[in-house]
Amino acid sequence: EANKDAEAANDGWPKTLREYPGGTATAAASYRTEISGTTLEEMMGWIEDLKKDGFKYQDFYDFGMSEEDMLGMNGWWAYDGKTYLSVSFSEGTVIVDHTKELPDLSGLLG
């Protein structure tokens, strides 16, 4: 419920965000896309391409985590001036949250 405003401001995969290179994408919510049937290597390659598109790692909530820390946990947060991205990999599935406003942390932590 805390993220209803963030969700209302989003309408699926942003037009400015490059396509994910593989797997099967499913819209789990207007701000979340789940991509099944992919690999960690594929996600890491996509992140490198996103960096070329202008996305920069950002510790949104000041947890004190470096980009290396985050990547070591199979995740990545970034911002390109328009879209906040949260990317994570687990068991063959990548979850990509794409929002125009930074999501409320209470919603992310349940």
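Modeller: Buried means under 20% relative accessible area, exposed means over 50%, and partly exposed is in between, using a 1.4 Å probe and protein chains only. This is a predicted model, where local features need pLDDT of at least 70, side-chain atom pairs count only at pLDDT 80 or more, and totals for chains, interfaces and linings use all residues. Residues are numbered from 1 along each chain as its sequence is written, and side-chain values use heavy atoms, leaving out hydrogens and water.

Biologist: Is Glu91 buried or exposed?

Modeller: Glu91 is exposed, because its relative accessible area is 78%.

Biologist: Where is Glu91 placed?

Modeller: Helices (H or I, at least four residues) and strands (E, at least two) are DSSP runs, numbered from the N terminus. Glu91 sits in the loop between strand 5 (84-90) and strand 6 (93-99).

Biologist: How should I read phi here?

Modeller: Most residues other than glycine have a negative phi. Glu91 has a positive phi of about 50°, although it is not a glycine. Asp62 also has a positive phi of about 50° and is not a glycine. Asp62 is in the loop between strand 3 (56-57) and helix 3. With a relative accessible area of 68%, Asp62 is exposed.

Biologist: Which side chains make polar contacts with the side chain of Glu67?

Modeller: A polar contact is a pair of N or O atoms within 3.5 Å; within protein, one must be able to donate a hydrogen and the other to accept it, and residues adjacent in sequence count only if both atoms are side-chain atoms. Glu67 pairs with Lys51 at 3.0 Å and with Trp76 at 2.8 Å.

Biologist: Is Glu67 buried or exposed?

Modeller: Glu67 counts as buried, because its relative accessibility is 19%. Glu67 lies in helix 3 (residues 67-72).
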